[in-house]
Amino acid sequence: MPVRFPRGTAFHSARLAAPGPAYGIKQQRSESVRRSRTIRASVVGVGDTIQSVERAAAILRLLASGPRQLGVAELARALGLPKGTLHGILRTLVHVGFVEQDDATGKYRLGATLLHLGSSYLDVNELRTRSINWADALAGRSRESAWIGTLHEGHVLVIHHVFRPDDSMQTLQVGTYLPIHASALGKVLLAYDPYGESIAPPLQPHTKRTLTDPARLEAELAQVRARGWAAEMEELTEGEVAIAAPIRDARGLAVGAIGIRGAVERLAPGGDLHMDFVSYVRDAARAITRDLAR
(Lines give C-alpha, C1' and ligand atoms only; values in the text may rest on other atoms or scores of the structure.)
Protein backbone atom coordinates (compact mmCIF):
# COMPACT_ATOMS: atom_id res chain seq x y z
CA MET A 1 0.00 0.00 0.00
CA PRO A 2 1.62 3.28 -1.03
CA VAL A 3 2.07 5.52 1.96
CA ARG A 4 4.34 8.49 2.66
CA PHE A 5 6.45 8.81 5.77
CA PRO A 6 6.79 12.27 7.36
CA ARG A 7 10.31 13.68 7.38
CA GLY A 8 12.52 13.46 10.40
CA THR A 9 10.47 11.20 12.61
CA ALA A 10 8.03 8.34 12.44
CA PHE A 11 5.44 10.06 14.52
CA HIS A 12 4.29 13.61 15.00
CA SER A 13 1.84 14.77 17.61
CA ALA A 14 -0.88 17.15 16.53
CA ARG A 15 -3.22 19.18 18.66
CA LEU A 16 -6.84 19.77 17.92
CA ALA A 17 -8.93 22.05 20.02
CA ALA A 18 -11.65 24.60 20.03
CA PRO A 19 -12.93 27.13 22.49
CA GLY A 20 -15.85 26.39 24.77
CA PRO A 21 -19.34 25.64 23.51
CA ALA A 22 -21.50 28.26 21.87
CA TYR A 23 -24.99 28.78 23.27
CA GLY A 24 -28.28 30.17 22.06
CA ILE A 25 -29.13 33.72 23.11
CA LYS A 26 -32.38 32.93 24.89
CA GLN A 27 -31.20 29.89 26.82
CA GLN A 28 -27.96 31.51 28.00
CA ARG A 29 -28.90 35.19 28.37
CA SER A 30 -28.11 35.39 32.08
CA GLU A 31 -24.89 33.44 31.70
CA SER A 32 -23.75 35.65 28.83
CA VAL A 33 -24.48 38.80 30.86
CA ARG A 34 -22.47 37.46 33.78
CA ARG A 35 -19.56 36.55 31.52
CA SER A 36 -19.64 39.87 29.69
CA ARG A 37 -19.48 41.74 33.01
CA THR A 38 -16.48 39.67 34.06
CA ILE A 39 -14.76 40.23 30.74
CA ARG A 40 -15.59 43.95 30.81
CA ALA A 41 -14.01 44.23 34.23
CA SER A 42 -10.83 42.68 32.87
CA VAL A 43 -10.64 45.33 30.14
CA VAL A 44 -10.80 48.19 32.64
CA GLY A 45 -7.60 48.90 34.53
CA VAL A 46 -5.23 46.78 32.47
CA GLY A 47 -2.23 48.06 34.44
CA ASP A 48 1.08 47.18 32.83
CA THR A 49 -0.47 44.96 30.15
CA ILE A 50 -0.79 45.97 26.51
CA GLN A 51 -4.28 47.40 26.25
CA SER A 52 -4.98 46.44 22.64
CA VAL A 53 -4.02 42.82 23.30
CA GLU A 54 -6.13 42.75 26.44
CA ARG A 55 -9.11 44.07 24.52
CA ALA A 56 -8.62 41.60 21.69
CA ALA A 57 -8.52 38.75 24.21
CA ALA A 58 -11.73 40.03 25.81
CA ILE A 59 -13.45 40.04 22.40
CA LEU A 60 -12.34 36.46 21.73
CA ARG A 61 -13.50 35.27 25.15
CA LEU A 62 -16.88 36.88 24.66
CA LEU A 63 -17.32 35.34 21.21
CA ALA A 64 -16.38 31.95 22.63
CA SER A 65 -18.66 32.10 25.68
CA GLY A 66 -21.73 33.92 24.39
CA PRO A 67 -23.97 33.48 21.37
CA ARG A 68 -22.35 32.07 18.26
CA GLN A 69 -22.36 35.44 16.43
CA LEU A 70 -22.30 38.97 17.85
CA GLY A 71 -22.61 42.36 16.22
CA VAL A 72 -20.49 45.44 16.89
CA ALA A 73 -23.21 47.04 19.02
CA GLU A 74 -23.55 43.93 21.20
CA LEU A 75 -19.79 43.66 21.66
CA ALA A 76 -19.47 47.37 22.42
CA ARG A 77 -22.18 47.19 25.11
CA ALA A 78 -20.75 44.06 26.70
CA LEU A 79 -17.17 45.32 26.81
CA GLY A 80 -17.80 49.01 27.36
CA LEU A 81 -15.66 50.00 24.38
CA PRO A 82 -16.25 52.71 21.76
CA LYS A 83 -17.44 51.32 18.43
CA GLY A 84 -14.53 52.96 16.61
CA THR A 85 -11.99 51.22 18.83
CA LEU A 86 -13.85 47.95 18.51
CA HIS A 87 -13.93 48.19 14.71
CA GLY A 88 -10.16 48.58 14.57
CA ILE A 89 -9.51 45.55 16.76
CA LEU A 90 -12.05 43.44 14.86
CA ARG A 91 -10.45 44.35 11.52
CA THR A 92 -7.12 43.10 12.82
CA LEU A 93 -8.62 39.90 14.23
CA VAL A 94 -10.36 39.23 10.91
CA HIS A 95 -7.11 39.88 9.03
CA VAL A 96 -5.19 37.25 11.03
CA GLY A 97 -8.07 34.76 10.86
CA PHE A 98 -8.95 34.73 14.56
CA VAL A 99 -12.40 36.17 13.82
CA GLU A 100 -14.71 35.89 10.82
CA GLN A 101 -17.49 38.24 9.74
CA ASP A 102 -20.73 36.92 8.31
CA ASP A 103 -21.29 38.59 4.94
CA ALA A 104 -25.06 38.38 5.29
CA THR A 105 -25.52 39.67 8.85
CA GLY A 106 -22.30 41.59 9.44
CA LYS A 107 -21.90 39.82 12.78
CA TYR A 108 -18.72 38.20 14.05
CA ARG A 109 -17.75 34.70 15.14
CA LEU A 110 -14.55 32.88 16.01
CA GLY A 111 -12.39 32.11 12.99
CA ALA A 112 -10.92 28.81 11.81
CA THR A 113 -7.33 29.90 12.47
CA LEU A 114 -8.07 30.43 16.16
CA LEU A 115 -9.88 27.10 16.34
CA HIS A 116 -6.84 25.38 14.86
CA LEU A 117 -4.51 26.95 17.42
CA GLY A 118 -6.90 26.21 20.26
CA SER A 119 -5.90 25.31 23.80
CA SER A 120 -4.91 21.65 23.34
CA TYR A 121 -8.27 20.32 24.49
CA LEU A 122 -7.42 16.88 23.21
CA ASP A 123 -4.07 15.88 21.74
CA VAL A 124 -3.07 12.88 19.68
CA ASN A 125 -1.41 11.09 22.57
CA GLU A 126 -4.58 11.18 24.66
CA LEU A 127 -6.69 10.05 21.72
CA ARG A 128 -4.34 7.12 21.11
CA THR A 129 -4.29 6.17 24.79
CA ARG A 130 -8.08 6.18 25.03
CA SER A 131 -8.44 4.22 21.78
CA ILE A 132 -5.91 1.41 22.09
CA ASN A 133 -8.11 -1.13 23.86
CA TRP A 134 -11.04 -0.51 21.54
CA ALA A 135 -8.81 -0.83 18.45
CA ASP A 136 -7.48 -4.14 19.74
CA ALA A 137 -11.03 -5.35 20.29
CA LEU A 138 -12.04 -4.21 16.80
CA ALA A 139 -9.18 -6.14 15.21
CA GLY A 140 -10.12 -9.23 17.18
CA ARG A 141 -13.79 -8.96 16.36
CA SER A 142 -13.37 -8.25 12.65
CA ARG A 143 -10.24 -10.40 12.15
CA GLU A 144 -8.81 -7.49 10.12
CA SER A 145 -6.21 -4.79 10.81
CA ALA A 146 -7.49 -1.79 12.75
CA TRP A 147 -6.36 1.78 12.16
CA ILE A 148 -6.78 5.11 13.97
CA GLY A 149 -5.95 8.38 12.24
CA THR A 150 -6.17 12.15 12.63
CA LEU A 151 -5.86 15.09 10.27
CA HIS A 152 -2.36 16.49 9.96
CA GLU A 153 -1.19 18.97 7.33
CA GLY A 154 -3.69 17.83 4.72
CA HIS A 155 -3.10 14.11 5.20
CA VAL A 156 -4.20 11.33 7.53
CA LEU A 157 -1.62 10.66 10.22
CA VAL A 158 -1.84 7.06 11.43
CA ILE A 159 -1.51 7.21 15.22
CA HIS A 160 -2.34 3.56 15.99
CA HIS A 161 -2.30 0.35 13.98
CA VAL A 162 -3.27 -3.12 15.13
CA PHE A 163 -2.15 -6.08 13.01
CA ARG A 164 -4.65 -8.47 11.51
CA PRO A 165 -4.78 -11.37 14.01
CA ASP A 166 -3.19 -14.07 11.86
CA ASP A 167 0.30 -15.28 10.97
CA SER A 168 0.72 -13.19 7.81
CA MET A 169 3.68 -10.83 7.35
CA GLN A 170 2.59 -7.27 8.17
CA THR A 171 4.31 -3.90 8.55
CA LEU A 172 3.54 -1.45 11.35
CA GLN A 173 2.12 1.74 9.83
CA VAL A 174 2.12 4.07 12.87
CA GLY A 175 3.46 7.46 11.85
CA THR A 176 2.73 7.07 8.15
CA TYR A 177 0.61 9.43 6.09
CA LEU A 178 -2.39 8.28 4.06
CA PRO A 179 -3.93 10.38 1.27
CA ILE A 180 -6.98 12.08 2.64
CA HIS A 181 -9.12 11.67 -0.49
CA ALA A 182 -8.26 8.03 -1.17
CA SER A 183 -8.69 6.47 2.27
CA ALA A 184 -11.74 5.69 4.36
CA LEU A 185 -10.13 7.36 7.38
CA GLY A 186 -9.49 10.46 5.29
CA LYS A 187 -13.03 10.65 3.95
CA VAL A 188 -14.42 10.54 7.47
CA LEU A 189 -12.06 13.26 8.66
CA LEU A 190 -12.90 15.44 5.66
CA ALA A 191 -16.63 14.90 6.00
CA TYR A 192 -16.68 15.81 9.69
CA ASP A 193 -13.91 18.42 9.70
CA PRO A 194 -15.22 21.08 12.14
CA TYR A 195 -13.39 23.78 10.19
CA GLY A 196 -15.03 22.88 6.88
CA GLU A 197 -11.82 22.87 4.90
CA SER A 198 -11.85 21.35 1.43
CA ILE A 199 -9.02 19.47 -0.23
CA ALA A 200 -7.27 21.39 -2.99
CA PRO A 201 -7.01 19.80 -6.43
CA PRO A 202 -5.38 18.08 -8.15
CA LEU A 203 -6.40 14.85 -6.44
CA GLN A 204 -3.70 12.29 -7.16
CA PRO A 205 -4.86 8.85 -8.39
CA HIS A 206 -3.56 5.77 -6.56
CA THR A 207 -5.60 3.20 -8.47
CA LYS A 208 -8.07 3.40 -11.32
CA ARG A 209 -10.85 3.66 -8.71
CA THR A 210 -9.46 6.70 -6.84
CA LEU A 211 -11.82 9.68 -6.79
CA THR A 212 -9.95 12.51 -8.52
CA ASP A 213 -12.93 14.72 -9.37
CA PRO A 214 -13.55 17.21 -6.51
CA ALA A 215 -17.28 17.29 -7.28
CA ARG A 216 -17.56 13.50 -6.98
CA LEU A 217 -15.54 13.56 -3.79
CA GLU A 218 -17.82 16.22 -2.27
CA ALA A 219 -20.86 14.12 -3.20
CA GLU A 220 -19.35 11.12 -1.46
CA LEU A 221 -18.54 13.19 1.63
CA ALA A 222 -22.19 14.21 1.78
CA GLN A 223 -23.10 10.50 1.81
CA VAL A 224 -20.59 9.89 4.59
CA ARG A 225 -22.23 12.56 6.73
CA ALA A 226 -25.68 11.15 5.99
CA ARG A 227 -24.89 7.54 6.94
CA GLY A 228 -22.19 8.09 9.57
CA TRP A 229 -19.35 6.03 8.05
CA ALA A 230 -17.06 5.91 5.02
CA ALA A 231 -15.89 3.17 2.69
CA GLU A 232 -12.88 2.90 0.45
CA MET A 233 -13.28 0.37 -2.36
CA GLU A 234 -9.86 -0.36 -3.88
CA GLU A 235 -9.20 3.39 -4.11
CA LEU A 236 -5.85 3.34 -2.30
CA THR A 237 -4.61 -0.18 -3.03
CA GLU A 238 -5.99 -2.62 -5.54
CA GLY A 239 -7.61 -5.59 -3.86
CA GLU A 240 -8.11 -3.81 -0.53
CA VAL A 241 -11.21 -2.35 1.08
CA ALA A 242 -11.47 -0.14 4.15
CA ILE A 243 -14.28 1.11 6.41
CA ALA A 244 -14.06 3.98 8.91
CA ALA A 245 -16.21 5.98 11.32
CA PRO A 246 -15.67 9.22 13.27
CA ILE A 247 -14.41 9.49 16.84
CA ARG A 248 -15.95 12.47 18.64
CA ASP A 249 -14.97 14.35 21.76
CA ALA A 250 -17.22 15.63 24.54
CA ARG A 251 -18.28 18.58 22.37
CA GLY A 252 -19.39 16.32 19.52
CA LEU A 253 -16.49 17.34 17.28
CA ALA A 254 -14.73 14.69 15.20
CA VAL A 255 -11.17 14.45 16.55
CA GLY A 256 -10.16 11.28 14.76
CA ALA A 257 -11.36 8.23 12.88
CA ILE A 258 -11.12 4.49 13.42
CA GLY A 259 -11.44 1.81 10.79
CA ILE A 260 -10.43 -1.55 9.43
CA ARG A 261 -8.69 -2.60 6.22
CA GLY A 262 -8.65 -5.95 4.48
CA ALA A 263 -8.94 -7.93 1.30
CA VAL A 264 -11.90 -7.15 -0.93
CA GLU A 265 -12.98 -10.79 -0.99
CA ARG A 266 -13.38 -10.76 2.79
CA LEU A 267 -14.91 -7.33 3.38
CA ALA A 268 -16.89 -6.96 0.17
CA PRO A 269 -17.62 -10.34 -1.35
CA GLY A 270 -19.30 -9.91 -4.69
CA GLY A 271 -18.52 -6.19 -4.66
CA ASP A 272 -20.91 -5.26 -1.83
CA LEU A 273 -19.70 -4.36 1.66
CA HIS A 274 -20.48 -6.87 4.36
CA MET A 275 -22.53 -4.70 6.73
CA ASP A 276 -21.43 -6.65 9.80
CA PHE A 277 -18.01 -5.05 9.39
CA VAL A 278 -19.60 -1.61 9.24
CA SER A 279 -21.35 -2.36 12.54
CA TYR A 280 -18.06 -3.47 14.14
CA VAL A 281 -16.35 -0.21 13.13
CA ARG A 282 -19.22 2.02 14.25
CA ASP A 283 -19.48 0.19 17.57
CA ALA A 284 -15.78 0.83 18.22
CA ALA A 285 -16.09 4.51 17.25
CA ARG A 286 -19.06 4.98 19.57
CA ALA A 287 -17.23 3.25 22.42
CA ILE A 288 -14.20 5.56 22.11
CA THR A 289 -16.50 8.56 21.84
CA ARG A 290 -18.22 7.59 25.08
CA ASP A 291 -14.83 7.18 26.74
CA LEU A 292 -13.69 10.63 25.61
CA ALA A 293 -16.87 12.17 26.97
CA ARG A 294 -16.19 11.00 30.53
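## Two helices crossing: α3 and α4

Helices α3 and α4 lie roughly perpendicular to each other, because angles from 65 to 115 degrees count as roughly perpendicular and theirs is about 110 degrees. This is a predicted model, and in it α3 spans residues 72-79 while α4 spans residues 83-95, with 10 Å between their axes. Two packed helices are described by the angle between their axes and the distance between the axes. There is also a handedness to note: α3 passes α4 in a right-handed crossing.

Which residues of α3 and α4 make the contact? From α3 come V72, A73, L75, A76 and L79, and from α4 come K83, L86, H87 and L90. Sorted by class, the residues of this contact are seven nonpolar, one polar and one charged.

## The sheet

Now let's turn to the strands. Six of them form an open sheet, and its order is β7-β6-β5-β10-β9-β8, with antiparallel pairing. Strands β7 (177-179) and β8 (230-233) stand at the edges with a single partner strand each, so one side of each has no neighbour in the sheet. From one strand to the next, the twist averages 35 degrees. Strands of a sheet pair through backbone hydrogen bonds, either parallel or antiparallel.

You can find V156 opposite L178 of β7. Strands β8 and β9 form a hairpin with six residues between them. Look in the turn for E234, which has a positive phi of about 55 degrees.

## Helix α6, between topics

Helix α6 (residues 124-142) links our story of the sheet to our story of the helices. On the sheet, α6 touches β5 (145-152), β6, β9 (240-248) and β10 (254-263), and its direction makes about 60 degrees with that of β6.

Helix α6 also packs with helix α10 (residues 275-292), at an angle of about 155 degrees and with the axes 10 Å apart. That angle is over 145 degrees, so α6 and α10 are roughly antiparallel. Their crossing is right-handed. In α6, the residues that meet α10 include W134 and L138, and among those of α10 that meet α6 are F277, Y280 and I288. The contact of α6 with α10 has ten nonpolar, two polar and four charged residues.

## Another pair: α7 and α8

How far apart are the axes of α7 and α8? Helix α7 (residues 184-191) and helix α8 (residues 214-227) have axes 9 Å apart and pack at an angle of about 80 degrees, which means that α7 is roughly perpendicular to α8. The contact uses K187, V188, L190 and A191 of α7, together with L217, E220, L221, V224 and R225 of α8. By class, this contact has six nonpolar, no polar and three charged residues.

## How confident is the model?

The protein averages a pLDDT of 81, and 77% of the residues score at least 70. Confidence is highest in β9, at a mean of 97, and lowest in strand β1 (residues 15-16), at 33.

Where does pLDDT stay under 50? One such stretch is residues 1-36, for which the model has 78 contacts beyond four places in sequence. Residues 38-46 are also below 50, and this stretch has 17 contacts in the model beyond near neighbours in sequence.

Methods: Residues are numbered from 1 along each chain as its sequence is written. This is a predicted model: local features need pLDDT of at least 70, side-chain atom pairs count only at pLDDT 80 or more; totals for chains, interfaces and linings use all residues. Side-chain values use heavy atoms; hydrogens and water are left out. Axes are lines fitted to C-alpha atoms, for helices over the stretch in contact, and angles run from 0 to 180 degrees between N-to-C directions. Helices (H or I, at least four residues) and strands (E, at least two) are DSSP runs, numbered from the N terminus. Angles under 35 degrees count as roughly parallel, over 145 as roughly antiparallel, 65 to 115 as roughly perpendicular and the rest as oblique. A crossing is left-handed if the near helix is turned anticlockwise from the far one by less than a right angle, and right-handed if clockwise. Contact means heavy atoms within 4.5 Å. Ala, Val, Leu, Ile, Met, Phe, Trp, Tyr, Cys and Pro count as nonpolar, Asp, Glu, Lys and Arg as charged, and the others, Gly among them, as polar. Two strands pair if DSSP finds at least two bridges between them. pLDDT is the predictor's confidence in each residue, from 0 to 100.
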